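User: I have a new structure open and would like to go through it step by step. Could you walk me through what is on the screen?

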Amino acid sequence: MKRQRLDKFLAHRGFGTRREVKALLRARRVLLNGQMVTTGDLKIDPTRDQVLVDGEKVEGREFSYLMLNKPAGYISATKDRYAPTVLDLVPENQRARDLAPVGRLDKDTEGLLLLTNDGPLAHRLLAPVSRVPKTYFLRVDGEVTPAEQAVLAAGVVLDDGYRTLPAEVHILTSGEVSELLLTIYEGKFHQVKRMLHAVGKEVIYLQRRSMGNLTLDPGLALGECRPLTEEEIKGLKAWTRPVRQL
Ligand code: URA
């Protein structure tokens, strides 16, 4: 990878403006390969050199890819005037410039949310033609019958007249409250809730369990995130090439 000035590297990894990075360095909070550095003009190789800020390793990769276990109460956006956003959950050492959620989970939805600053990848993952599968666990008020399961799986007409693509529906339990796994290959606004509305049901809890090759890491508590592994990144990129035939 190209060598880069340390101050520029830190600014690109989300540690603020060049001026803020300068202050960080002056405050003796940065170690480069185990040595304290107080000026930003040193050139580093981000893939080989180790940079620590306050003892935490700063990711060397050009792009950042994080898996977040989103809790309810956070908005899937980079800024909001009234509510905390998912970016507020990212620890300082994992922040990166232009980090943004790939798609949206509703404020009350929990589970897997990918955050990246790899704009082209995000764009391809969200493109309808990519048909990236997303699996949700949901609790629904009331019984879900096999007939409703079949209707959901075949595709339902939403409130705006749109007919959803075929989906996979597993009923885990059916009763006063039913539990389902639902896999969809598109991402219309409030899609899961609206699909259930179409069969007269109300979603009372929604969690995303997987997206493409990514599965929610059971080791991540609500509100925690971690960088994707190399294998997960490779798998994600592979998803965006072929167009799936349903
Ligand atoms: N479908 C919904 O209705 N809400 C979400 O957050 C995600 C999918």
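Analyst: A term first: a residue is called buried here when its relative accessible area is under 20%, exposed when that area is over 50%, and partly exposed in between. Please also keep in mind that this is a predicted model.

User: What is the secondary structure of the protein chain?

Analyst: The protein chain comes to six helices and 15 strands. Its C-alpha trace spans about 65 × 35 × 30 Å along the principal axes, and of its 246 residues, 46% count as buried.

User: Let's zoom in on helix 5. Is it mostly covered or mostly uncovered?

Analyst: Helix 5, which runs over residues 191–198, is mostly covered, with six of its eight residues buried. Those buried residues are Gln191, Val192, Lys193, Arg194, Met195 and Leu196.

User: What do they pack against?

Analyst: The buried residues of helix 5 pack against strand 10 (134–141), helix 4 (146–154), strand 12 (177–184) and strand 13 (202–211). After the helix comes Gly200, which has a positive phi, near 80°.

User: Which polar backbone atoms does the ligand come up against?

Analyst: One is in His190, where a polar backbone atom is 3.2 Å from an oxygen atom of the ligand. A nitrogen atom of the ligand is 3.1 Å from a polar backbone atom of Val192, and for Lys193 the distance from a polar backbone atom to an oxygen atom of the ligand is 3.0 Å. As for how covered the ligand is, taken alone it exposes 240 Å², and the protein buries 95% of that.

User: Back to strand 10 for a moment. Where does Thr135 lie, and what is it in contact with?

Analyst: Thr135 lies in strand 10, and it counts as buried because its relative accessibility is 16%, which falls under the 20% cut-off. Its side chain makes a polar contact with the side chain of Thr183, at 2.8 Å. If neighbours within four places in sequence are left aside, Thr135 is in contact with Leu181, Leu182, Thr183, Gln207, Arg208, Arg209 and Ser210.

User: What about Ser178, which strand is that in?

Analyst: Ser178 is in strand 12, and it is buried, with a relative accessible area of 0%. The side chain of Ser178 reaches the backbone nitrogen of Gly175 at 3.3 Å. Not counting residues up to four places away in sequence, Ser178 touches Leu138, Arg139, Val140, Gly142, Glu143, Val144 and Thr173.

User: Changing topic: which residues have a positive phi although they are not glycine?

Analyst: Among them are Arg28, with a phi of about 60°, and Arg131, with a phi of about 50°. For background, most residues other than glycine have a negative phi.

User: Where are those two, and are they buried or exposed?

Analyst: Arg28 lies in the loop between helix 2 (18–26) and strand 2 (30–32), and it counts as exposed because its relative accessibility is 56%. Arg131 is in the loop between helix 3 (119–126) and strand 10, and at 25% relative accessibility it counts as partly exposed.

User: Last one: what can you say about Leu32 in strand 2?

Analyst: Leu32, which has its place in strand 2, counts as buried at 13% relative accessibility. Leu32 and Leu52 are 20 residues apart in sequence, and their C-alpha atoms are 6.6 Å apart in space. With neighbours within four places in sequence left aside, Leu32 is in contact with Val37, Leu42, Ile44, Asp49, Gln50 and Val51.

Conventions. Residues numbered from 1 in each chain as written. Predicted model: local features only at pLDDT ≥ 70, side-chain atom pairs only at ≥ 80, totals over all residues. Heavy atoms only, no water. Buried < 20%, exposed > 50% of the residue type's maximum accessible area, 1.4 Å probe, protein only. Helix = DSSP H or I, 4+ residues; strand = E, 2+ residues; numbered from the N terminus. Contact = heavy atoms within 4.5 Å. Polar contact = N/O pair within 3.5 Å; in protein donor to acceptor, adjacent residues only side chain to side chain. Areas by Shrake-Rupley, 256 points an atom, 1.4 Å probe, with all protein chains shown as cover.
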